[in-house]
2 protein chains.
Amino acid sequence: MDNAHMIGVVESYMRAFNEQDMSIIQAMYASDAIVEDPVGSDPYVGYDAIMAFYEGAIANGPSLSLNGQVRCAGNSAAFPFQAKVGDLTINIIDVFEFNDEGKVSHMRAYWGPDNMTQG
Amino acid sequence: MDNAHMIGVVESYMRAFNEQDMSIIQAMYASDAIVEDPVGSDPYVGYDAIMAFYEGAIANGPSLSLNGQVRCAGNSAAFPFQAKVGDLTINIIDVFEFNDEGKVSHMRAYWGPDNMTQG
């Protein structure tokens, strides 16, 4: 998988939230994708479940920004970022796995209570 | 999985490299573990293969330091860090998956050429 493509998808993912643009999310996911957000919770399986999850997530109005390099390896990209919703900041690491068509086939979000700060 | 345990293992992993202490690596891995470093390369499967890999890696003398929070989710911990070998710096994200005994059963390291800087 081409690193420039994967980094581009990560950057457009930030923009999808910051501009509340669901069309970016719609274009990036494979039809049979799986989303674990956070890892350890029940996964969202398949396109429709994933889109419903993101419609809710984007409606909360979080702003996202990378706070470290995107790390590309094999068909995956891992990246650290901050999500801010009101005065709540969450430090997250996402891992995107890509299929041969360059669509995200598996997304895992790593974050928990220790990664939240208020104010 | 207890977050404090997982964070402790991550911190001791940094120390294993910085103090060239293989006993830390020996204690943290499950006998049937898998290591992908970097993701996309042939995995190291099983305890002996993994120990041989780390003996070589630690002998290179890299110093490791976290450059962001450890993100714990479910039975996993994801963390961003820097590895410095001579004047080469590599930005890496590792993901540790833990088994019920608190041992690392799967390790994935995300890094590539874009994450290396010299000088």
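In this predicted model, in which local features require pLDDT of at least 70, side-chain atom pairs count only at pLDDT 80 or more, and totals for chains, interfaces and linings use all residues, Glu36(A) forms a salt bridge (a side-chain nitrogen of Lys or Arg within 4 Å of a carboxyl oxygen of Asp or Glu) with Arg108(A), the closest N and O atoms being 3.4 Å apart. This pair links distant parts of the chain, with Glu36(A) in strand S1 (residues 29–36) and Arg108(A) in strand S7 (residues 104–110) of chain A, 72 residues apart; strands are DSSP runs of E of at least two residues and helices are runs of H or I of at least four, numbered from the N terminus. Side-chain values use heavy atoms, with hydrogens and water left out, while residues are numbered from 1 along each chain as its sequence is written and chains are lettered from A and ligands numbered from 1 in the order in which they are written.

Arg108(A) also forms a salt bridge with Glu97(A), for which the closest N and O atoms are 3.1 Å apart. Here too the pair links distant parts of the chain, since Glu97(A) lies in strand S6 (residues 88–98) and Arg108(A) in strand S7 of chain A, eleven residues apart. Glu36(A), Glu97(A) and Arg108(A) are accordingly linked in a network of salt bridges. Glu36(A) counts as buried at 16% relative accessibility, whereas Glu97(A), at 26%, counts as partly exposed (buried is under 20% relative accessible area, exposed over 50% and partly exposed in between, with a 1.4 Å probe and protein chains only).

In chain B, the side chains of Glu36(B) and Arg108(B) meet in a salt bridge at 3.3 Å, N to O. Because Glu36(B) lies in strand S1 (residues 29–36) and Arg108(B) in strand S7 (residues 104–110) of chain B, the pair ties together parts that are 72 residues apart in sequence. Glu36(B) is buried, with a relative accessible area of 16%. Over all chains, the count comes to four salt bridges.

Chain A can be laid on chain B with an RMSD of 0.0 Å by a turn of 180° and a shift of 0.0 Å along the axis, where copies are superposed by least squares on the C-alpha atoms of residues with pLDDT of at least 70 in both. The two copies are thus related as by a two-fold rotation axis, and in chain A the C-alpha nearest the axis is that of Pro80(A), 3.7 Å from it. The same surface serves both copies, in that 100% of the contact residues of chain A (contact meaning heavy atoms within 4.5 Å) recur in chain B.
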